[in-house]
Amino acid sequence: MLVCCNCQYHWTFRETMHSLVSLRLICPACQKELYISVKSRIRTYLVTLSTLYLQLYFYIFQIDSAFIFVVNIFISMFLIMVLPSFYELSMEEEPLWRPSK
């Protein structure tokens, strides 16, 4: 789960999910606003991209739509449970990439 950069408070799963849904990461212990690190955002994008490749695979091989629906439900539940463990926090908001000069 998430760990505060300021006070080293370990967030619970419920606090993590509440913060991610509200789109504001505020530490429950020290009330500092935190941001998701670039490394974590990239990891999350890669996991999401892999699920899109799976959807493309289903489309190319014309898999039954009922099976796709069930698989999507399980993937969604899995991602909700696993993705919060991928996140790391930082004290300042970082750009995803820095343009070259």
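**Salt bridges in the predicted model**

A polar contact of 3.3 Å links the side chain of Glu33 to that of Arg24. The structure is a predicted model. The Glu33 and Arg24 side chains also meet the criterion for a salt bridge, at 3.3 Å from N to O. Side chains of opposite charge can pair when their charged atoms come close. Arg24 has a relative accessibility of 45% and counts as partly exposed.

Glu33 belongs to strand β2, which covers residues 33–36. Its contacts, leaving aside neighbours within four places in sequence, are Arg24, Leu25, Ile26 and Met91. Asn72 lies elsewhere. The C-alpha atoms of Glu33 and Asn72 are 33 Å apart, and the two residues are separated by 39 residues in sequence.

A search of the whole structure gives 2 salt bridges. One of them is the Arg24–Glu33 pair. Another joins Arg43 and Glu88, with 3.1 Å between the closest N and O atoms. Arg43 sits in helix α2 (residues 38–60), whereas Glu88 sits in the loop between α3 (65–82) and β3 (89–90), so this pair ties together parts that are 45 residues apart in sequence. Arg43 is partly exposed, with a relative accessible area of 26%. Glu88 is partly exposed too, at 36% relative accessibility.

Technical notes
Residues are numbered from 1 along each chain as its sequence is written. This is a predicted model: local features need pLDDT of at least 70, side-chain atom pairs count only at pLDDT 80 or more; totals for chains, interfaces and linings use all residues. Side-chain values use heavy atoms; hydrogens and water are left out. A salt bridge is a side-chain nitrogen of Lys or Arg within 4 Å of a carboxyl oxygen of Asp or Glu. Buried means under 20% relative accessible area, exposed over 50%, partly exposed in between (1.4 Å probe, protein chains only). Helices (H or I, at least four residues) and strands (E, at least two) are DSSP runs, numbered from the N terminus. Contact means heavy atoms within 4.5 Å. A polar contact is a pair of N or O atoms within 3.5 Å; within protein, one must be able to donate a hydrogen and the other to accept it, and residues adjacent in sequence count only if both atoms are side-chain atoms.
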